[in-house]
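Here's a quick briefing to read with the model open beside you. Have a look at the sequence and the fold, then work through the points below.

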Amino acid sequence: MVAGRSVLEVASDAIDGGATAIQLRDKNVSTRTLVEEGRALRELTRKRGVLLIVNDHIDVALAIEADGAHVGQDDMPAELARKLLGPNRILGISAGSLDEAVAAIMAGADYLGVGPIYATRGKADAGEPVGLSLISEIARRYTTPLVAIGGITAENAGEVIQAGATGIAVITAVVNAEDVSLAAHQLARAITV
Ligand SMILES: Cc1ncc(COP(=O)(O)OP(=O)(O)O)c(N)n1
Ligand SMILES: Cc1ncsc1CCOP(=O)(O)O
Ligand SMILES: [Mg+2]
């Protein structure tokens, strides 16, 4: 459940609003439950033609035939994650500094999750905001797609893209919204105009 709604309902509404990828990120459930959520999300995302990425758990990503997995600096080392996922699944890696970005690219990241860009309520141990300059710095040097994350809203999403991000990832701005579909739509519009 997310803010009183099922994971499937939130994902479905977000896709209605324009989300092009869903990340299964649930820190508080058993692996068994994660697999159940993942299977349901796999069916939904296949039907709707959007990507499904599993956070942290490479085994779950493989088990549910997700499109890929996302690992951070405290998760499965990127090289091993790539080895386990194989060449055809998407590997996303978190980067909170230029050094981390370079290492992630060398390890075979298909995209970088860069952040937290702004202060966030979505991750307790996210650390200090890195700001837009990190996005610009990485974009200036590398062509790897950059997914900005952390405190992103429909109000600031435009400047994040302007700074060089390819896309955005959000939790609070969608999950806590009264109207999930409308919130996703406003975010999608903010990054396409
Ligand atoms: C797109 C995207 N970017 C960054 C993260 C953060 O991953 P991580 O640093 O491993 O933190 P947790 O999400 O696992 O708490 C992400 N999940 N997605
Ligand atoms: C998972 C994660 N990684 C860096 S910030 C963050 C949380 C993003 O949540 P929100 O969109 O609510 O700021
Ligand atoms: Mg992680």
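What follows is a short tour, from the overall fold down to single residues.

This is a predicted model. The chain's secondary structure comes to nine helices and seven strands, and the seven strands form an open, parallel sheet.

**Overall shape**
- The chain has a radius of gyration of 16 Å, and that agrees with the value near 16 Å that a compact globule of 193 residues would have.
- Along the principal axes, the C-alpha atoms fill a box of roughly 40 × 40 × 30 Å.
- Buried residues make up 39% of the 193 residues.
- Take the contacts with a separation of 6 or more: 52% of them are between residues 24 or more positions apart.

- At the edges sit β1 (21-24) and β7 (167-169), each pairing on one side only.
- From one strand to the next, the twist averages 30°.
- Helix α4 (residues 78-85) lies across β3 (68-71) and β4 (90-95), and it runs at about 170° to β3.

**Around the ligands**

- You'll find A11 in helix α1 (residues 7-17).
- Is A11 buried or exposed? A11 counts as buried because it has 26 C-beta neighbours inside 10 Å, and the cut-off for buried is 20 or more.
- Setting aside neighbours within four places in sequence, A11 is in contact with I22, L41 and L44.
- A11 and L24 are 13 residues apart in sequence, with 9.4 Å between their C-alpha atoms.

- Most residues other than glycine have a negative phi, and most peptide bonds are trans, so exceptions deserve a look.
- The peptide bond from G115 to P116 is cis, with omega near 0°; P116 is in the loop between β5 (111-114) and α6 (132-141).
- A3 has a positive phi, near 45°, and its place is in the segment before α1.
- Why does A3 count as exposed? A3 has 11 C-beta neighbours inside 10 Å, and 12 or fewer counts as exposed.
- E65 also has a positive phi, near 60°, and its place is in the loop between α3 (58-63) and β3.
- E65 is exposed too, with 12 other C-beta atoms within 10 Å.

Definitions and conventions
Residues numbered from 1 in each chain as written. Chains lettered and ligands numbered in written order. Predicted model: local features only at pLDDT ≥ 70, side-chain atom pairs only at ≥ 80, totals over all residues. Pairing = 2+ DSSP bridges. Helix = DSSP H or I, 4+ residues; strand = E, 2+ residues; numbered from the N terminus. Axes fitted to C-alpha atoms, helices over the stretch in contact; angles between N-to-C directions. Contact = placed C-beta atoms within 7 Å. Rg over C-alpha atoms; globule rule 2.2 N^0.38 Å.
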